[in-house]
Number of protein chains: 2
Amino acid sequence: MNARRRVTITDVARAAGVSVATVSKVVNGRYGVAATTADRVRTVIDELGYSSSLVARSLRSTHTGVIGILVAEFEPFSTEVLKGLGAAAVGSGYELLAWSGYSGHGGQEGWERRSLNQLSGTLIDGAVVVTPTVVDADAGIPVVTVDPHTGPSAGFPTIDSDNYHGALLATRHLVELGHRRVGFLAGRPGLQSAEERERGYRAGLAEAGIEFDPKLVRVGGYRTETADGAARELLSLDERPTAVFAANDITAIRTMNVAADLGLKVPEDLSVVGFDNVPESALANPPLTTIEQPLQEMGADAFRLLLALLSGQAETDTHIRLRTTLVERQSTRALPG
Amino acid sequence: MNARRRVTITDVARAAGVSVATVSKVVNGRYGVAATTADRVRTVIDELGYSSSLVARSLRSTHTGVIGILVAEFEPFSTEVLKGLGAAAVGSGYELLAWSGYSGHGGQEGWERRSLNQLSGTLIDGAVVVTPTVVDADAGIPVVTVDPHTGPSAGFPTIDSDNYHGALLATRHLVELGHRRVGFLAGRPGLQSAEERERGYRAGLAEAGIEFDPKLVRVGGYRTETADGAARELLSLDERPTAVFAANDITAIRTMNVAADLGLKVPEDLSVVGFDNVPESALANPPLTTIEQPLQEMGADAFRLLLALLSGQAETDTHIRLRTTLVERQSTRALPG
DNA sequence: ATGAAAGCGCTAACAT
DNA sequence: ATGTTAGCGCTTTCAT
């Protein structure tokens, strides 16, 4: 492949005429090295462009100064959280390593555990796991979860947002615009966030004295693949909804696409509200009205919490819940008449 | 911290009553293990929840099945590229490790080289480096650069987009709207992309027979911190520009903020065009007209090119240049009168 | 078919 | 102040 090998600590030691131990001491600022020797070693290090291998270093020492961020995939949700984490990490002395556990292997199954196993104990001092479905209690390192699908009960420090309240806001917004037949494209069954969003939807209807109608609910499953058919069913009903609240932005955007396919115009013929406020929601056509979760803030909070955990200044049952707010764009409008 | 230690190959070997060598063979599907032994080992592995440490494995073997993505920071530009890389990686058999080299240490100086040194030769089989300023020629592993600041000449396989043409489109758009005093908020001096964007700006003016006026050019440096003052100068000129083309979206958005501070309304009093089309540009107020670089596509292309490189099917002087296009939103308008 | 042992690059205890 | 050495978890010859 490429010719030149990495420069190792042995190369430096040889070139400087000292032992590897001495080089190690210089690199790590340990005492017991003469100033002149240290200078010579540093010169050689610069000349050779040496920097120690993360891998070898972390195999030996307990502390690496690296925080791992474990995600299933690099998609709009996780990358927003990543931006917040990155901003919080600047100047903290920690480096960030983001690991996508789902990309390599076919199965989504258990990426959290596999990833944690592969990296922990060695490479990273602590981990932030984004939207895990399951997490082992004994990862061996401090772990903070962001928006875990099992809810904050899992025994881990957790950052999430107020899903119930957000869904309530979304539904209330549609009801206030005069909509009575409000469809709901639900999230993935069994996931806590999905359940809370459905509760908020029902509460929003109840507030307005609208009876819940199971025919107006379909499972979108948070994913493009599952959302298309569900949205199509919803919009093909004899008495179709005049508004749809989708459990996340991705499926809301799909709903708008399906509507277009069916000859329905948004927002004239159909109002749509999403959830998350990923940047893509603003890029949609029309720009999507949605519920904001402060994803970057969640990332930043996760970083700070993990740091506190690492220094023993936080409890493992810490739970930070952030607000959700309505962001009005152009996909919703008052029901005429 | 946490009680339980990682499960190591030695634990598995002991529990299964075999040597670590045998366990290793089973894990890696090597020949020379009796079926019954292999079964027993696999059972123990499941029971103990063992999976091999990436670190230890990669220290020993040359191939890890991991691709590194090296970025300075996790910001809108790099995370878009990341999304594209992630999408391309699904099903490829490679895992993705994104490394932010700037966050830990204070200095931005040489993050590319430091990161590459820390990870290469061991952890990752190949690397995609996003917007590097300098890259060592002898990284020891295949490297693809995305939008390198030195241009494609650096001797590395490179993915970038047509900066010159994009800037021409931006300027032409403003000129066609009737603007004659078109300001330019330049990128970082010395960077190839910045130079090409300035060339495009000048060409756009020349096309329309407008003389280039150095007073209408300020250095925004691609960064928020440097852009504010430059934009303020530009907009405070006696004969202020009626339109500004900023060399990237971030500084274009800052320009709109500065305009608001000065009591100028966009687009009524000032038209603004950006460059990049990061998702944030659509979230701006008003939504920003900008030049799109297909960032996700650039990421996907980078991944494919790296794969080709790894299997020896691509030349190291490959250069892929993608198109740039105008995305019209609400920050530009025809000059009245 | 299985295991013993060397060694990847590094750190840290222990000599000298 | 400096060097020698063991060993982190793993893979890979090389014996047996």
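Predicted model: local features only at pLDDT ≥ 70, side-chain atom pairs only at ≥ 80, totals over all residues.
**Ground rules.** I noted that local features need pLDDT of at least 70 and side-chain atom pairs count only at pLDDT 80 or more, whereas totals for chains, interfaces and linings use all residues. Residues are numbered from 1 along each chain as its sequence is written, while chains are lettered from A and ligands numbered from 1 in the order in which they are written.

**DNA strand D.** Helices (H or I, at least four residues) and strands (E, at least two) are DSSP runs, numbered from the N terminus. At least two residues each come from α2 (20–27) and α4 (54–60) of chain A, and likewise from α1 (9–16), α2 (20–27) and α4 (54–60) of chain B; the largest share, five residues, belongs to α2(B). By class I noted 12 nonpolar, 11 polar and four charged residues, counting Ala, Val, Leu, Ile, Met, Phe, Trp, Tyr, Cys and Pro as nonpolar, Asp, Glu, Lys and Arg as charged, and the others, Gly among them, as polar.

**DNA strand C.** Two or more residues come from each of α1 (9–16), α2 and α4 of chain A and α2 and α4 of chain B. The classes here are 12 nonpolar, 11 polar and three charged.

**Strand β3 of chain B.** I then checked burial, where a residue is buried if 20 or more other C-beta atoms lie within 10 Å of its own, exposed if 12 or fewer, and partly exposed in between, with C-beta atoms placed from the backbone. Five of the five residues of β3(B) (126–130) are buried, so the strand is largely enclosed by the rest of the structure. In a regular strand the side chains alternate between the two faces of the sheet. In β3(B), I found B:G126, B:V128 and B:V130 buried on one side, and B:A127 and B:V129 buried on the other. Two strands pair if DSSP finds at least two bridges between them. β3(B) pairs in the parallel sense with β1 (66–71) of chain B over four bridges, and four bridges also join β3(B) to the parallel β4 (143–146) of chain B.
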